[in-house]
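Here is a friendly tour of one model, written for reading beside the sequence and the 3D view.

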Amino acid sequence: MRLAHKRKVQSKLQKRMKAIVANLSSAPKAKKAVAAKPVAEKTVKAAPAAAKVVAEAKADVALTPKQQQVLDIVVANAEGINPKSIGLAAGQEDAKAASWATGALKKLLQENLVEKEQLGGNKVIYKAI
């Protein structure tokens, strides 16, 4: 009885967390689309402003060296990068690369320093905000 209750509670919690993540990931995309139109007109001025925002975000949030390394790799790849490529860029083994980067990426997502983009099925890329 206790084990069944624990499983039920855990499954409800996972469903709730998935719903929250879905809401959070859909909200920034709407803001990004609205902000994209003015940026197209002022491309020269927008790039330094974006760099300042990332620099301020780095200063406000206390990041571990691993999280900072992952953030630097994501910022360097503006078109987006998957967790395995992040791990390989950091010098991890092929088998451990994705799991190594995942913990740091979760923290960076919470702090809104990176954006998660679901491509299709289980394919995910991360982009710097």
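Valine 114 touches Leu71, Val74, Leu105, Leu108, Leu109, Tyr126, Lys127, Ala128 and Ile129, leaving aside residues up to four places away in sequence; contact means heavy atoms within 4.5 Å. This is a predicted model, where local features need pLDDT of at least 70 and side-chain atom pairs count only at pLDDT 80 or more, while totals for chains, interfaces and linings use all residues. Residues are numbered from 1 along each chain as its sequence is written, and side-chain values use heavy atoms, without hydrogens and water.

Val114 also belongs to the largest nonpolar core, which has 17 residues; Val70, Leu71, Val74, Ile86, Leu105, Leu108 and Val114 touch the most other members. Such a core joins buried Ala, Val, Leu, Ile, Met, Phe, Trp, Tyr and Cys residues through side-chain atoms within 4.5 Å, with buried meaning under 20% relative accessible area, exposed over 50% and partly exposed in between (1.4 Å probe, protein chains only).

Helix H5 gives the most, with five residues. Helices (H or I, at least four residues) and strands (E, at least two) are DSSP runs, numbered from the N terminus.

Strand E1 (residues 114–120) pairs with E2 in the antiparallel sense over six bridges; pairing requires at least two DSSP bridges. Glycine 120 has lysine 123 in E2 as its bridge partner. Two residues separate the strands of this hairpin, and glycine 121 in the turn has a positive phi of about 65 degrees.
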